[in-house]
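Thanks for coming. Please have the sequence and the structure open.

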Amino acid sequence: MEKWTYATAGELTVALRAGDVTSVELTEGAIARIEQEDGAVNAVCAPDFERARAAAREADRALADGEERPLLGIPLTVKESYDVAGLPTTWGMPQFRDHVPAEDALQVARVRAAGAVVLGKTNVPLGLRDIQTYNEIHGTTNNPWDHERTSGGSSGGSAAALAAGYGPLSLGTDIAGSLRTPAHFCGVYAHKPTMHLLPTRGMVPPNAPALPADIDLAVVGPMARSAGDLALLLDVMTGPDPLTLGLAHTTVLPPARHDRLEGFRVLVLDEHPLIPTGADVRAGVARVADALADGGARVERHSPLLPDLADAAQVYPLLMFSALAANFPPAQYEQVRQLAEQLSEDDHSLGAARLRGMTLSHRGWLAADHRRELHRRSWREFFAEFDAVVAPITPTAAFPHQQDPDLLNRRMTVEGTTFHYFDQLVWAGLATMPGLPATAVPTGLSAEGLPVGVQLIGPMYEDRTPLRLAELLEERLGGFRVPTALNH
């Protein structure tokens, strides 16, 4: 295995500045790695190798001149849903197979300005609306740990690329765990920022203009193979859009509440009232709890301050599916409207909440938004006494590919009980619905040898707190592991 294949961005920056390696060498190594492994993994759907080589040569010239930009010479990948000038943006939708934007998304422009070398774009599910990654245009992205299993979604291509050694960083997005779930399934790191902390301009469907507007719940964020690299990339991505808030504001994130484990007050969760947690995930949570306690953190398992998890799981699909259904074609919207009308008033299942969310009136959305604000108030009270929450990301490790085109037909099994496929989103929604930052951290392997991760949820706009906690846990848990299937 090449010396630099699994080095962190921080390590590569030191080596580049010391002259131990060149950006051209790193870029050629990453390209060779993609050409060697991606036939089986299928993570990179739109390579941009010639422009990457040119950018690497320019980075080496800048390094020779003594420039010190934060990502100078570092190769990385970008989720397909971001606009990259000259590369297709399809969101996996066949009708947009030939859509090529003329301008980079704002975050792509920022990483380029920081000196990064963009290798290409990573695969996504159709319309970004799945916990798996496959589409008619680019096919299925496989988990580098087990090709029969999903890499997660919708940033599954980015997570698989990181695990397979295609550069140390990637840009992803999250509205339903789309950063955290693939990180959990592939054994890498990801950070879902505080909602609306990072501008999303240019991360838009191919039929939409790149307006400086944010979608409710949706965020862009960094993915990496180390917690420190998450913080590095987050710093590059942070700052208001210069077309809007950037005209009047700057962003200064507060420092982490603590620098050592001894200071942290952490609530550990491994049970949800609406869905069980698999034994492998519970074991991962337990490893984190033990590491925290051994490091001197105050670890609690229960608190009356914790907002109502069952109510949060009801509010989340109302808001999320309202946003997702806003652009449904008329025939599809009419179909779900009829299904929603058939619901009994006393049906409080998660499936009913999803259907109601798809057809919410503006009045109904405002009522759901008010419930969200009540949860935010509760979280503020909670974080006056605690610094972070440790929780599962999904109830299980990566599952075998499921590709029934009717998502409503899909099921999952947890501890011998069958649930609807989308019920597993309750853990992702815990942080997404109120807009809290959450960092995905690998904790080790399942009984079947698959990665298992947890999320570290922190206070709103205090993203550096869960990020620092992730770094401290990385030191104790060992962090990223190379997939055994690729260790050749």
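Strand β16, residues 438-445, gives the most to the lining of the second largest cavity, with 3 residues. Helices here are DSSP runs of H or I with at least four residues, strands are runs of E with at least two, and both are numbered from the N terminus. This is a predicted model: local features need pLDDT of at least 70, side-chain atom pairs count only at pLDDT 80 or more, and totals for chains, interfaces and linings use all residues. Residues are numbered from 1 along each chain as its sequence is written, and side-chain values use heavy atoms, with hydrogens and water left out.

About the terms: on a 1 Å grid over the protein atoms alone, a cavity is a set of points where a 1.4 Å probe fits but cannot get out, a pocket is an open set with protein on both sides within 12 Å along at least five of seven lines, and lining residues have an atom within 4 Å of a point. Grid points are joined across faces, edges and corners, and a volume is the space filled by probe spheres set on the points.

Back to the second largest cavity, which holds about 50 Å³. Its lining includes Trp 145, Gly 187, Pro 442 and Arg 481.

How many cavities of 30 Å³ or more does the structure hold? There are 3. The largest has about 70 Å³ of space, and α9 (309-325) and α11 (350-358) each give two or more residues to its lining. The largest share, 5 residues, comes from α9. By class, this lining has 9 nonpolar residues, no polar ones and 1 charged.

Next, the second largest pocket, at about 280 Å³. Of its 17 lining residues, His 196, Leu 197, Asp 214, Pro 240 and Leu 245 are the closest to its centre.

Now the helix pair. Helix α2 (residues 23-41) packs on helix α3 (residues 49-64) at about 160 degrees, with the axes 8 Å apart. The two are therefore roughly antiparallel, a term for angles over 145 degrees. Among the residues that meet are Ile 31 and Ile 34 in α2 and Ala 52 and Ala 56 in α3; contact means heavy atoms within 4.5 Å.

Last, the backbone. The peptide bond from Gly 153 to Ser 154 is cis, with omega near 5 degrees, and Ser 154 sits in the loop between β7 (146-150) and α5 (156-164). Leu 128 is not a glycine, yet has a positive phi of about 65 degrees.

Definitions and conventions
Axes fitted to C-alpha atoms, helices over the stretch in contact; angles between N-to-C directions. Parallel < 35°, antiparallel > 145°, perpendicular 65-115°, else oblique. Nonpolar A, V, L, I, M, F, W, Y, C, P; charged D, E, K, R; others polar.
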